[in-house]
Amino acid sequence: MQYDFLIVGGGTAGAVVAARLSQDPQRRILLVEAGDDVVPGDEPADIRDPFPTSTLNPDYFWGGLTASATDGAAAMPYPQPRVMGGGSSINGMFALRGMPADYAQWSDAGAGDFSWATVLPRFRQIENDRDRPDSAGGLHAITRTPKPQWPAFVRAMEEAAGRAGLPFVPDINEQPGDGFFAMPNAIDAEARVGTAGCYLTREVRARPNLEIMTNAHVTRLRTNGGAVTGVDAIRNGATLRLNADRVIVCGGAIHSPALLLRSGIGPANELAALGIDPVLERPGVGRNLQNHPYMFFALTLPRGKRVAQDLRRFALAGIRSSSGMAGCPPSDLFNFVIGRVSGESFGPDFALVGSALYAPKSRGSVRLGSADPLRSPRIDFRFMSDTADAPRMVAAARLAERLLRDAGVAAQYHEAFLLPGALAVKQFNRPGLAGKMLALAAEAAASSPALLRRQIFGRAFKSGAPAAHRGGGRAISDAQILSSISPMGHPVGTCAMGRADDAMAVVDPAFRVHGIDNLFVADASVMPVIPSANTNLPTLMLAEMAAERIGA
């Protein structure tokens, strides 16, 4: 079968591109996804859940993937989705657009017109913001948790932030800048909103010109005479040869560069050293890796000051602030408030206050360690390798610490503990019987006397005495803050968009890979600079523009 377009990856971007390109009935489209399908109306309960319990399901992730956060650090498990809808099926559902300065940097890098004036109408077309009366009614529903449903400490944090010069912003997407705000979430009717459901609808799937192939791992791009002609894939143990006039890679910022590298597109000397025949010299493939580093304080909450047991929400509020450092953009620091830590009954007994650097300057890489397509690539984020990043990361954490130590805030919780670096939700949750036992123990410990409670959680979190509580807390050094950071699930930049004369650019403003015909990349890997936002909503905007430009 010869396809007009073959799309590799049914994640956040791939689902959008497949839905949009298949609107033309004259085009024959094949969407190839490595993981399981997520069919609208039949989604698994953990994917529908507005608390991200799907994050805990190993069936939705690539196995064996690890990454190092900082230079010299040991590689740790790094979850990347392998399921239809990609990150939109497992993420924390923050729905943030980013800052105008983010997209100005894209344009400056040679990505074409990504000015705020250009992207803003796109965001508004995508969104169906239930809290904005003039929302265009797009496919992507967005809601916020009303203030009366916030736990007492969140309302107190809003007041403390206002006293610190960070006033409440009614709609952070329409009024980007510094301030405290209710977090916009990709939730509709108490269910997750993902691209598998809102773009690959049953009506879209019924189109005779769209074929969806799941559980098929694309291992290599096939090339001939300077053009891509199709892909090889493994499905149910068998090798498939799939032919297409044009191939669009939508594997994300880890797997898109890995596929190009395995196919001989990248730094020729590195590929040759692995026994891969170089097809095209593009030294930028796999470079320019960016992500948001973050860390957490975990709060124990008194009875009567917790989120309602039946409110299965995750992020309740956020804070944008500016470091003011020379050469750094506005609103480069980010703090956010999580109202519950588990879908289990003990979840509301705890809360999280996160701190992140949302405009990092450090750059890492994705490289191959082997030509074997079943071997995971090597991921090095190299957080804090740029000297501008560590002071700003510390500044974000100090803002959280300052707010938690405010007398009005401290009166609303028991203790705040510094968490070690890891995915916070996984620190509070385990599968199966172990998870049930942990839930019972956590629930009992959260309601125990103060001295015992502090001893239990100080040991459980490996953090010692609380960082903050009513009346005080222990001093935390800058080094302890920096040692607690982890990478978010927001990798970007490894197939960066830019000018043809930029050796580190991989694709042009039409998403075509420089130097080879019939090959496109359309996902977060093409972002030249990471947006100051969780990357799901910017990726939707990017994918909509990609479908339009590629299909023109």
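Colleague: Where does F511 lie, and is F511 buried or exposed?
Modeller: In this predicted model, F511 lies in the loop between β24 (486–487) and β25 (519–521). Its relative accessible area is 0%. Buried means under 20%, so F511 counts as buried.

Colleague: What is the phi of F511?
Modeller: Most residues other than glycine have a negative phi. F511 is a residue other than glycine, yet its phi is positive. The value is near 70°.

Colleague: How far apart in space are V492 and N288, C-alpha to C-alpha?
Modeller: V492 lies in the loop between β24 and β25, and at 0% relative accessibility V492 counts as buried. Leaving aside neighbours within four places in sequence, V492 is in contact with several residues, among them A253, N288, L289 and Q290. V492 and N288 are 204 residues apart in sequence, but their C-alpha distance is 8.1 Å.

Colleague: What separates the C-alpha atoms of M76 and S486?
Modeller: M76 is found in strand β4 (residues 76–77). Beyond its neighbours within four places in sequence, M76 is in contact with L65, T66 and A67. M76 and S486 are 410 residues apart along the chain, and the separation of their C-alpha atoms is 9.7 Å.

Colleague: How many salt bridges does the structure hold?
Modeller: Side chains of opposite charge can pair when their charged atoms come close. Some of the pairs here are linked in a network, which includes R97, R124, E127 and D129. The number of salt bridges in the structure is 36.

Colleague: How many residues apart in sequence are the parts that R205 and D37 tie together?
Modeller: R205 forms a salt bridge with D37, and the closest N and O atoms are 2.8 Å apart. R205 lies in helix α7 (residues 202–205), while D37 is in the loop between β2 (29–32) and α2 (45–48), so the parts tied together are apart in sequence by 168 residues.

Colleague: Which residue forms a salt bridge with R220?
Modeller: R220 lies in strand β11 (residues 216–224) and its partner in strand β12 (residues 227–235), so the pair ties together parts that are 12 residues apart in sequence. The closest N and O atoms are 2.8 Å apart, and the partner is D232.

Colleague: Is α4 roughly parallel or roughly perpendicular to α16?
Modeller: Helix α4 (residues 116–126) and helix α16 (residues 536–551) pack with their axes 10 Å apart, at an angle of about 100°. Angles of 65 to 115 degrees count as roughly perpendicular, so α4 is to α16 roughly perpendicular. The contact is made by residues including F123 of α4 and M541 of α16.

Colleague: At what angle do α13 and α14 pack?
Modeller: A442, A445 and A446 in α13 meet R453, I456 and F457 in α14. The two helices are oblique to each other. Their axes are 9 Å apart, and the angle is about 140°.

Colleague: What accessible area do L433, M437 and L440 have together?
Modeller: L433 has its place in helix α13 (residues 432–446). It is exposed, with a relative accessible area of 66%. With M437 and L440, L433 forms a nonpolar patch on the surface, and their accessible area together is about 360 Å².

Key. Residues are numbered from 1 along each chain as its sequence is written. This is a predicted model: local features need pLDDT of at least 70, side-chain atom pairs count only at pLDDT 80 or more; totals for chains, interfaces and linings use all residues. Side-chain values use heavy atoms; hydrogens and water are left out. A salt bridge is a side-chain nitrogen of Lys or Arg within 4 Å of a carboxyl oxygen of Asp or Glu. Helices (H or I, at least four residues) and strands (E, at least two) are DSSP runs, numbered from the N terminus. Patches are made of residues with over 30% relative accessible area and no salt bridge: like charges are joined within 9 Å, nonpolar side chains (Val, Leu, Ile, Met, Phe, Trp, Tyr) within 5 Å. Accessible areas come from the Shrake-Rupley method with a 1.4 Å probe; for residues, only the protein chains shown count as cover. Buried means under 20% relative accessible area, exposed over 50%, partly exposed in between (1.4 Å probe, protein chains only). Axes are lines fitted to C-alpha atoms, for helices over the stretch in contact, and angles run from 0 to 180 degrees between N-to-C directions. Angles under 35 degrees count as roughly parallel, over 145 as roughly antiparallel, 65 to 115 as roughly perpendicular and the rest as oblique. Contact means heavy atoms within 4.5 Å.
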